[in-house]
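Subject: The structure I promised you

Hi,

Here is the structure we talked about, for you to open alongside this note. Have a look first, and then read on for what turned up.

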Amino acid sequence: MRANIFKWGGIFLLSFVLQTTVVPVIGIAGITPDLLMVALFFLALKNGQMAAVGTGFFLGLAQDLFSAPSILGQNALSKTLSGFFAGFFNERMMRVDFVFQIVLVFVTFMVNDAVYFIVQVIKTDGGGVIHNLVATSVPRALYSMLFALLPYIKERFLPTSFRR
Amino acid sequence: MRWILELIVRYRVIVAVLLASGLSLRLISSPPDLQAKTARFLAFSFFYPLQVTFDQATKAKNIYAENHLLKSEVALLTAQVAQLKDEKIENGRLRRMLDFEERTPLDIIPVSIVARDPSPVLKSVVVNAGTNKGVLAYMPVVGEGGIAGKVVQVMPSLSLVQLIKDPLNRTSILVRRTRAVSILETENGIDYFARFRIHEDVAAGDTIVTSGLGGIYPRGFPAGVVEKISDEGDRLFKKAAIKPGIDIDRLEELFIVRQPPQWAAFRAQLDSLGRKR
């Protein structure tokens, strides 16, 4: 249990550092992947809804605090609900094959961004949810899906001795 | 009471979602000043370690960008410094030229060197003035410190200057102090010398000036300084090593003295004598 906490803590910390340093450099036309979201998705898949909801809430809150200007609670709510959604497909409860996993990453992104943009529209009276989803979320989700392939690549191509 | 706790434990995920969503919505709907206060409280109490990590990550990212920026600035500044140094040197040269131009009673044409003799031993240079500025063949060319050579070929906007470094270029000189006359020569384009009769009074440190006898250079123009005297076992002559007044290898700007050769007036008569013969 403790090892699991440290492992996921390390993954989130690494994702956080990469998100703020490397990711802006690899952006394409202003579209950057969201590594924290990808990490949250896999946490939900491996550990279920409870862990995903808690982590999503605090992760979102941290994002709200450190990504000014933002509405406090906006990311917290979207990450909580997307963690809750992704947690439905917990590997302990059901078998999720690779292709479905990739599709799920995309849908989780959409859930997260839909909540995010709805809050934004309500609070600021600006922008359209559908327009933002198509213009921003879809490319971002597609780009992030590439990073969701990493665990699959590790499982598929890394020698057995490298696996834990 | 017990059944409530059991219900919470049983539906803990739903409760957690509702709690987290409720808290988020509470934060979202709170007024901006309360949001700011809450953000400040959370940042300083719970998220301080994360903030440190964030700061370090941002700093690392900034250091990378700053390093990149500084490198390009260093390259730019190095180029600017090199250019300024060059301009400073040029400025000094031009100032000295201007000073010389005002000081000298001669009618001179300031010129710049535009091409050099590609031979290993530099013998001639091309300057940016020709017939368009009234340059004539055999006009003397001087630098601020002394004679440099003479014009040997004139084109519309360029002239070829044969430097004193050319072994074929010999200049009539005299020692300013004792008026002993000789010829400034060089055999290799590096060492300059003049031969004086053994009894002539010439010493190291004497200033050598043009004698005006060659008909090209004006009389009394500085040519160099005697460095040392050696007789080399010769009973008739002694050899004076001479350091020219200008550094021939580092010429950039020169002056053409607007003075046609003094023998030009006699040229027609000399030519006619030749024809008669």
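Let me start where the two chains meet: 24 residues of chain B are in contact with 25 residues of chain A, contact being scored when the C-beta atoms of two residues, placed from the backbone, lie within 7 Å. On the chain B side, helix 2 (12-29), helix 3 (32-45) and helix 4 (48-103) each supply at least two residues. Helix 2 of chain B gives the most, with ten residues. By type, the side of chain B that touches chain A divides into 15 nonpolar, seven polar and two charged residues. Here Ala, Val, Leu, Ile, Met, Phe, Trp, Tyr, Cys and Pro count as nonpolar, Asp, Glu, Lys and Arg as charged, and the others, Gly among them, as polar.

A word on the source: this is a predicted model, in which local features need pLDDT of at least 70 and side-chain atom pairs count only at pLDDT 80 or more, while totals for chains, interfaces and linings use all residues. Residues are numbered from 1 along each chain as its sequence is written, with chains lettered from A and ligands numbered from 1 in the order in which they are written.

Now to chain A, which has six helices and zero strands. Helices (H or I, at least four residues) and strands (E, at least two) are DSSP runs, numbered from the N terminus. Of its 164 residues, 38% count as buried; that takes 20 or more other C-beta atoms within 10 Å of a residue's own, whereas exposed takes 12 or fewer and partly exposed falls in between, with C-beta atoms placed from the backbone.

Within chain B, strand 4 (residues 147-154) and strand 5 (residues 159-163) pair over five bridges, and V154(B) has S159(B) as its bridge partner.

Best wishes

Conventions. Two strands pair if DSSP finds at least two bridges between them.
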